[in-house]
Amino acid sequence: MQNIDFIVMIVFALLIMAMGLAFTKSGSTDTKSFFAAGGQAPWWISGLSLFMSYFSAGTFVVWGSIAYKSGWVAVTIQLMMCLGGLLTALFIAPRWKKTGAITAAEFIGKRLGTKVQQFYTYLILFINLFSTGAFLYPVGKIVYLATPFSLEACIIGLGIMVILYTAAGGLWAVLVTDVMQFVILTAAVIIVIPLSFAQVGGITEFVDKTPNGFFSLFTSEYTPAFMVAFVIYQTVFIGGNWAYVQRYTSVADEKAAKKVGYLFAGLYSICPIIWMLPPMIYRTINPDLKGLEAEGAYLLICQQVMPAGLMGLMLAGMIAATASSVNTTLNLVAAVFTNDIYKNLIRPYATDHTLMLVARSATVVFGLITIIIALLVPSIGGVVEVVLTIASLTGGALYAPILWALCSKRQTAASVFTATLVTLNVGIFFKFISPILFNIRLDRIQETLLGSLLPLMILAMYEIWAWSQNKISFQYELFKESRKIKQDNSLFETQQDLSNKQNAYGIRVIAASMAVTGSGILMLSFIAKNSELITATVAIIVLASSYPLWHISTMRNKNQIDTVKPFTKV
């Protein structure tokens with residue numbers, strides 16, 4: 001990397017941080033703003049945020065590694081995420097909004113009781129700290145490979161940056177920075193693809209140089225059975241992950257919640273092809289990467305083909321991608337700790353000012369723990385092993401029972417708790433105990449199938465039994481009654497006005513940041529050797545896209561003023 005790359009990377013990192021800090025006041029007027037963006041966020045902002053929260057630099061490291069080794073199957077795997085997103089949009093997202101809850105933990109408390117809520121709360125906090133560490137590690141490794149800094153310094157520095165703006169601006173900071181991160185990353189990835197094809201000699205040369213079976217939809221490790229299980233898992237994960245639930249509950253209504261899922265699915269129907277091409281191309285340039293070296297394939301192709309300045313842009317995009325995953329989870333764990341532990345168990349009558357202080361403090365503390373876990377990832381066996389192990393052990397066990405309770409009037413606290421506990425214990429047994437005691441080890445397909453299907457089988461058996469007995473959960477009846485309580489109209493109108501102001505301000509911040517980003521990329525086009533045209537084209541598209549967003553924010557402000565005027569006394 002040259003000096004200009006470091007400058008570009010730092011400038012865009014500071015831009016993201018400035019966007020987050022811009023919501024220090026407006027995004028944290030109360031806990032509902034801090035954790036749910038006022039409950040009226042535009043669906044396209046929440047949709048892009050969901051996409052970026054799900055996506056991270058781990059995509060380039062984990063799936064990029066698979067693309068380098070096995071080829072097109074990496075795209076097939078990620079297209080299963082598209083199907084999972086589509087099923088979530090159709091059947092799950094609107095149900096979350098219909099509950100009236102801000103977080104999944106709040107829904108569990110009302111639907112299944114306080115004790116079950118506490119069980120899931122503690123477990124989710126523990127699991128999310130590990131998964132967030134797994135998200136932070138890949139981008140630290142990418143920056144480490146491209147800079148003279150140590151891996152530890154990269155992880156710590158990036159972690160602190162994310163902690164600062166997430167603690168300052170809450171969910172609004174997360175949402176708007178996610179949108180901007182999407183813009184930066186998309187711009188960088190679009191630029192790298194034609195440069196990669198040019199390096200290998202064109203599309204035909206690339207295809208001719210690939211090994212046999214490189215474009216197969218499946219492999220011996222990633223079979224059709226694995227894909228079916230993966231779709232089930234992805235549906236449960238996208239629809240049930242507590243961090244993603246905030247994206248469905250923070251929009252205006254059920255229709256908007258559906259649109260959030262549709263946008264996610266639409267993006268995941270296209271982006272995997274764009275993402276996986278560079279590491280696949282690099283396989284034909286350098287086929288000698290071994291073991292964990294393959295995790296760096298994406299960065300290595302970028303270093304080889306991108307001119308000075310644009311390499312910094314790509315790194316900025318990767319940093320942004322992972323920051324979006326980390327900040328989402330930090331906001332979630334802070335919400336869970338503040339609302340469901342501190343407020344419910346420690347100080348039930350705490351003021352909103354105190355709760356905001358606790359929320360920010362929790363963000364910092366949990367962020368520091370995440371950094372420590374990220375530093376330990378290499379000793380656990382690499383990021384691929386960490387990500388897939390966490391997924392297979394916890395995804396179905398934690399989220400499937402709650403989703404079933406979301407859709408069923410028969411499931412009880414006992415049935416949901418049993419499904420989770422049995423699945424977790426069986427998964428832990430086959431992962432850690434049976435290989436040592438009985439020399440029985442499940443492969444990745446079997447792990448995924450077990451984690452996805454076992455809780456569904458347990459819940460289905462109880463559902464059939466309850467149906468045969470014509471039993472309806474009394475907890476469901478209590479939850480149904482609680483939803484009938486109407487909110488005070490004057491309070492609703494006040495919250496609506498505040499949400500409209502926040503929406504307009506958020507869109508304006510996004511528009512201004514896109515203008516700055518487009519201008520920066522345009523300046524890079526003048527020094528981008530052999531890629532001036534593609535870089536300038538991307539820059540102009542980003543710049544042009546900023547204008548309608550600015551116009552929308554201006555009109556929303558005007559409408560807000562017009563709405564207030566009739567009630568203003570002169």
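Helix α10 contains 17 residues, which at 1.5 Å a residue should span 24 Å; its end C-alpha atoms are 24 Å apart, so the two values agree. The expected span is 1.5 Å times one less than the number of residues in the helix. Helices here are DSSP runs of H or I with at least four residues, strands are runs of E with at least two, and both are numbered from the N terminus. Of the 17 residues of α10, 13 are buried, so the helix is largely enclosed by the rest of the structure. Buried means under 20% relative accessible area, exposed means over 50%, and partly exposed lies in between, with a 1.4 Å probe and protein chains only.

The model is predicted: local features need pLDDT of at least 70, side-chain atom pairs count only at pLDDT 80 or more, and totals for chains, interfaces and linings use all residues. Residues are numbered from 1 along each chain as its sequence is written, and side-chain values use heavy atoms, with hydrogens and water left out.

The chain has 22 helices and zero strands. Buried residues make up 58% of its 570 residues. Contact means heavy atoms within 4.5 Å. Among contacts between residues at least 6 apart in sequence, 85% join residues at least 24 apart.

The largest nonpolar core holds 166 residues. A nonpolar core is a set of buried Ala, Val, Leu, Ile, Met, Phe, Trp, Tyr and Cys residues joined through side-chain atoms within 4.5 Å. In this core, W96, W242 and L313 touch the most other members. Helix α8 supplies the largest share, 29 residues. Leaving aside neighbours within four places in sequence, W242 is in contact with A104, A105, I108, Y120, T121, I124, L332, V336 and Y399.

Aromatic pairs were counted next. A pair of aromatic rings is described by the distance of the centres and the angle of the planes. Rings of Phe, Tyr and Trp (its six-membered ring) pair if their centres lie within 6.5 Å; planes under 30 degrees apart count as stacked, over 60 as edge-to-face and the rest as tilted. By this rule there are 30 aromatic pairs. In one of them, Y54 and Y244 are tilted, at 5.7 Å centre to centre and 55° between the planes. Y54 lies in helix α3 (residues 43–54) and Y244 in helix α11 (residues 242–249), so this pair ties together parts that are 190 residues apart in sequence. Both Y54 and Y244 are buried. Y54 also pairs with F264: the ring centres are 5.4 Å apart and the planes stand at 90°, so this pair is edge-to-face. F264 belongs to helix α12 (residues 254–268), so its pairing with Y54 of α3 joins parts that are 210 residues apart in sequence. The relative accessible area of Y54 is 10%, and that of F264 is 0%.

D253 caps the N-terminal end of α12, with a side-chain oxygen 3.2 Å from the backbone nitrogen of K255.

I45 lies in helix α3. Its relative accessibility is 0%, so I45 counts as buried. I45 and V260 are 215 residues apart in sequence, yet 8.4 Å apart in space, C-alpha to C-alpha. Beyond neighbours within four places in sequence, I45 is in contact with W172, L175, V179, I507 and I510.

S65 lies in helix α4 (residues 57–70) and has a relative accessible area of 2%. Apart from neighbours within four places in sequence, S65 is in contact with F60, A294 and E295. S473 sits in the loop between α19 (444–468) and α20 (474–482), with a relative accessible area of 4%.

At 62% relative accessibility, N470 counts as exposed.

Conventions. A polar contact is a pair of N or O atoms within 3.5 Å; within protein, one must be able to donate a hydrogen and the other to accept it, and residues adjacent in sequence count only if both atoms are side-chain atoms.
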